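Here is a short note for a first look at this structure. Please read the points with the model open beside you.

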Amino acid sequence: MLSSDGIALFVILFIVFVFLGFYGARFRRGDLRGLNEWGLGGQRMGPWLLWVLVGADLYTAYTFVAIPSGVYGAGALYFYAVPYVALTFAIAVVTMPRLWVVSRNRGYITAVDFVKDRFNSRNLALAVALTGVVAELPYIALQIVGMQSVLTVMLLGVANVKTVTEVALIVAFIILAIFTFTSGLRGAALGAIMKDVLIFGSVIAVIVVVLVNWGGFTTAFANAPASYADLPSISIPKFWSLFFGSALALYLYPHAINGCLSASDKKSLRLSQALLPIYGVGLAMLALFGILLYGIPAALSIVKTSANGALTVPAIIITVLPGWGAGIALLAVFIGGLVPAAIMAIAAANLLTRNVVKEIYPKITPHGETQAAKWISAAVKFVALAFVFTVSTTYAVQLQLLGGVLIAQTLPAVFLGLYTRWLDGKALTVGWAVGIISGIYLVLDTNKFGILISSLFNTPFGYLYIAILALGLNFLVAVVGTAVVRITRFHREGIIPEEDLRRVRTGSPSAAVSTPITPISAASTGEAASD
Amino acid sequence: MAVRGWQVAAAVFLLIPFVVYLSVPSYNMVDPKFYGLPFFYWYQTLWLVLSGILFGLAAWLINRGE
């Protein structure tokens, strides 16, 4: 159990974090009644804030829990997270500024707004929107698993640990829901800065202490299974297909796109994304915690006794750092789950409000739209919380990989749509359906219709990540389908002029049309016009 | 639309890390180690920094060219 000074620091820093969350409403103040204000931070995020805000998607429970636990349990294979975070940003550099430009010109809040107009297809838009929301839920659930693992290690030895942990989580989520409600994305952005400073400090502190006092990597690898030193050749196809598929998928998630659309201008968006791989060095360190665990007997026994790989990082922290240091580092990991959960819930709420609720009630006012998004974001959080309390922890991690399989199926509509208008909306919708159905089927089949333990499928080329296989089918159907639709003259053109994708129109009048309450601020239009 | 020199350079900078990371057998080895860390791990971590530099150059070229 964490010492009392550690717990005191944890609580004090959590209060500071909550204060920042509420203060966010005043930060670069805007009219929070508009959805672009509440859900996109007024689209005034400069390069540094963007770096941290999108970087917040990098340091999530995926990094603290799923990856170290994978490296601990399976070795080098789970280091796929490193090439994944390197390559995904090349994709962002190419696609996100273009999406930002068309969104600024046409007042889009989500990628689905773009898809709907680009292919003039409401069905396709609805399909992409629902995929985004469904894929986001297990990702949020994973954040909660991460926070749960912090509390479990912190309160080790306390009677009724499970109940205490659940109560603490519920309290944390109520606070989170309230400040997201009042501050929107701005609150999350300030929290993200605090989280990243603390995380970086903690990771470096732990690595230094382990290298100096615990025999470093030499001891760790000597005690880890011998096969962990590199990749068994049978794992090579798994490795590259996992990192390649994940790299393709990240910027299709609503929270990643939401972060990019909050940028103040195209050029700082592009540069901030380009430099994010450097930020990934911390992720590589955290992945290595899965190996370092083997050199730290006390921490290893915590993980082994509980048979829960998710405890890897908190167990190392509490073992190697002094009480106060562990308090800070554990809080870092705790809000490291909380901040992304808030950003993801906001993104899912933007999507549900703008692309589902507004489709059903087109007469909703901008104020009503924002109110709906606020309530939906709160609801989404508690759905995810209920999900974690009802299904097992390992299940949540695997469902996140299944989320990757689903979200990858929106790639042809979103990414290819940015570069070509040739594809047809109906063909893309059928391709999407084929991708989703084949993806789910392959996942079920590879797990023999039992418990979800793998998202890899055995092909003649070895085991491959199902996201890529399903995406291949999806793409094939979309291309062949488009050819058929065009030959039979059933094709319907999109309604976005090519010019809107190339550069920001001066004044961007249409941006104001869809968000009449707050025309985009003079400062940001000025920046956009100069670009 | 003619392809410009800076566009080719930016594309090359963006693609190099893909070639590096997708050539898995080229770095799937234990030695040389770095402070006890096998080559497989430190090489990929080093390429995070190099990728950031290359992508940064590409972004700079595109930003200047547009």
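1. The largest cavity has a volume of about 130 Å³. A cavity is a set of points, on a 1 Å grid over the protein atoms alone, where a 1.4 Å probe fits but cannot get out. Its volume is the space filled by probe spheres set on the points. Lining residues have an atom within 4 Å of a point. There are 15 here, and A:Ala111, A:Leu252, A:Pro254, A:Ile257 and A:Leu351 are the closest to the centre.

2. This is a predicted model: local features need pLDDT of at least 70, side-chain atom pairs count only at pLDDT 80 or more, and totals for chains, interfaces and linings use all residues. Residues are numbered from 1 along each chain as its sequence is written, chains are lettered from A and ligands numbered from 1 in the order in which they are written, and side-chain values use heavy atoms, with hydrogens and water left out.

3. Which helix gives the most to the lining of the largest cavity? H12(A) does, with three residues. Helices are DSSP runs (H or I, at least four residues), numbered from the N terminus. The lining of the largest cavity has 11 nonpolar, four polar and no charged residues. Ala, Val, Leu, Ile, Met, Phe, Trp, Tyr, Cys and Pro count as nonpolar, Asp, Glu, Lys and Arg as charged, and the others, Gly among them, as polar.

4. The second largest cavity holds about 90 Å³ of space. Its lining includes A:Tyr62, A:Tyr84 and A:Gln400. H19(A) gives the most to that lining, with three residues. The classes are seven nonpolar, three polar and no charged.

Conventions
On a 1 Å grid over the protein atoms alone, a cavity is a set of points where a 1.4 Å probe fits but cannot get out, and a pocket is an open set with protein on both sides within 12 Å along at least five of seven lines; lining residues have an atom within 4 Å of a point. Helices (H or I, at least four residues) and strands (E, at least two) are DSSP runs, numbered from the N terminus.
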